[in-house]
Amino acid sequence: MADAPKDVVVLGAGIAGAALTDHLAKRSLNVALIDPRTPAAGASGRAAGIVTEQLWNPWDVAVTRESREEYRELAAAKEPEAFVDAPFVRLTSVAEVATALRAAVERLRGWGVSVEELGAEELRRWFPNGRFERLAGAIASDSDACVTPSTITSLYLARARGRGADAAFGGHVEVPTFSDGLWTVQAGESRWHSRALVVAAGAWSKRLLRDLGHPLPLTPYRTQAAVLRPPGSQSLGGGASLHDLDTDVYARPEVNGRILAGDGTEKFETDPDRFVTGADSEFLAHLAESLGRWVPEWETSEVVGAWAGVCTATPDRRPCIGALDPSSGLYVLTGFNGFGVMRAGGAARRLADLIAAPASESARAALVPVRPDRFGGKAEPFPPRAGFTLEGGSHPRF
Ligand SMILES: Cc1cc2nc3c(=O)[nH]c(=O)nc-3n(C[C@H](O)[C@H](O)[C@H](O)COP(=O)(O)OP(=O)(O)OC[C@H]3O[C@@H](n4cnc5c(N)ncnc54)[C@H](O)[C@@H]3O)c2cc1C
């Protein structure tokens, strides 16, 4: 039981809520992080952890770059294996997609992203056993990385606690109430009061926000990943990640020569409390076939493990970050459309600035592209759109 009211209660101990708690505690705010489960029990404990600057606008690039450097610093101090530099390679066998990819290079360079076009020979640097006869185009950005999202979440949490933050996990969380200028949150046996409340509850945010009377257009959806052991030593030799634009399958290097590969995104709504947590056989077959298109040996990889998680879509695929109801101090940090690991640190820092100084013009300006009120209070149902990021061009895929 907390006696004095907190400045902020954060709901949700995924990577976003943990990063936010750390950034709020750094500003000497009195903050508590609450979750009915354990930290990283949601999408953050199931994510692939690819961090890339091949994104949709300069805001997004800046947020992700900041996140990456924060993860690098966090991991270096305590868990160095949770962060590895890994260039991100995209490739296609379709001529018109290759044209769009070339346009993306120009666009990304204009935003300061270090990205180059590649031919088959250069691809063999990373994929020595690759077969690139059908290659129409490929690009790589060399400042990208792969992280272990659950470890980064726990590192944020440990640092936040070291800075004085409270945390309570594992008890049923009632829908918070607001009266006399304070939020009341009942979590298990504990009752917390706070001046501000942040919903950072991932796929559960939709229901929670509706129950709070501030619905947002969010669609939770299921997506899958698997760890594969390629035969022999045909792993991602040079330590790059790969995204096949034709099939939308991605793969990143894992320890011991394994590959973490995924997509399998479903285009309909899923209940985060009732979803199939294992992977489907169709998904595994699709992975094998897609990866085998470029590195034939990968088609016969052994499946070490496979799972599903639930992400949160928004109609325009941009997250929702900022004040939902300034009069009651209600904020939101969600809607990452399957890419919240790469954005959490930078997004949390910007939201912490706003919560610490709600009237600050610069803090508000830093979140304009992702304001939660941009949907005008409408929360109509919509289907999630599958696909790795890299948008903003003229091609329908990106
Ligand atoms: C298979 C897969 C692969 C992915 N790969 C990548 C990738 O390569 N790169 C990338 O950037 N992203 C990736 N993602 C997406 C990424 O996992 C998410 O965008 C990110 O983890 C979202 O973090 P979060 O903190 O918002 O939500 P979550 O991690 O889902 O955390 C939400 C938390 O809220 C808690 N909660 C629920 N209800 C309440 C309540 N009432 N009160 C308090 N707390 C509550 C939950 O228990 C949970 O712990 C992937 C996701 C999946 C599933």
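Two strands are taken to pair if DSSP finds at least two bridges between them, and helices (H or I, at least four residues) and strands (E, at least two) are DSSP runs numbered from the N terminus. The model is predicted, so local features need pLDDT of at least 70 and side-chain atom pairs count only at pLDDT 80 or more, while totals for chains, interfaces and linings use all residues. Residues are numbered from 1 along each chain as its sequence is written.

**View 1. Strand β2 and its parallel partners.** Strand β1 (residues 6-11) runs parallel to β2 and is joined to it by 4 bridges, with valine 31 of β2 as the bridge partner of valine 8. The chain passes from β1 through α1 to β2 in a right-handed β-α-β crossover (with the strands pointing away from the viewer, the path from the first strand over the helix to the second runs clockwise). β2 also pairs in the parallel sense with strand β9 (residues 166-169) over 4 bridges, where aspartate 35 stands opposite phenylalanine 169. Val31, Leu33 and Asp35 point one way from β2 and Ala32 and Ile34 the other way, and all are buried (20 or more other C-beta atoms, placed from the backbone, within 10 Å of the residue's own).

**View 2. The shell around the ligand.** Of the 41 residues around the ligand, Gly14, Gly42, Gly202, Gly309 and Gly340 come nearest; a residue is counted as near if its C-beta atom, placed from the backbone, lies within 6 Å. At least two residues of this shell are supplied by each of α1 (15-26), β2 (31-35), β13 (219-229), β17 (302-313) and α8 (340-356). By class, the shell has 24 nonpolar, 14 polar and 3 charged residues, where Ala, Val, Leu, Ile, Met, Phe, Trp, Tyr, Cys and Pro count as nonpolar, Asp, Glu, Lys and Arg as charged, and the others, Gly among them, as polar.

**View 3. The open sheet of 8 strands.** The strands follow the order β6-β7-β5-β14-β15-β16-β13-β17, and their pairing is mixed. Because β6 (115-118) and β17 stand at the edges, each with a single partner strand, one side of each is left without a neighbour in the sheet. Strands β5 (residues 88-92) and β14 (residues 241-244) run parallel, joined by 4 bridges, and valine 89 stands opposite leucine 242 in β14.

**View 4. The hairpin of β18 and β19.** Strand β18 (residues 320-325) pairs with strand β19 (residues 330-334) in the antiparallel sense over 5 bridges, and glycine 322 stands opposite valine 332 in β19. The hairpin has 4 residues between the strands, and glycine 329 takes a positive phi near 70 degrees.

Definitions and conventions: A residue is buried if 20 or more other C-beta atoms lie within 10 Å of its own, exposed if 12 or fewer, and partly exposed in between; C-beta atoms are placed from the backbone.
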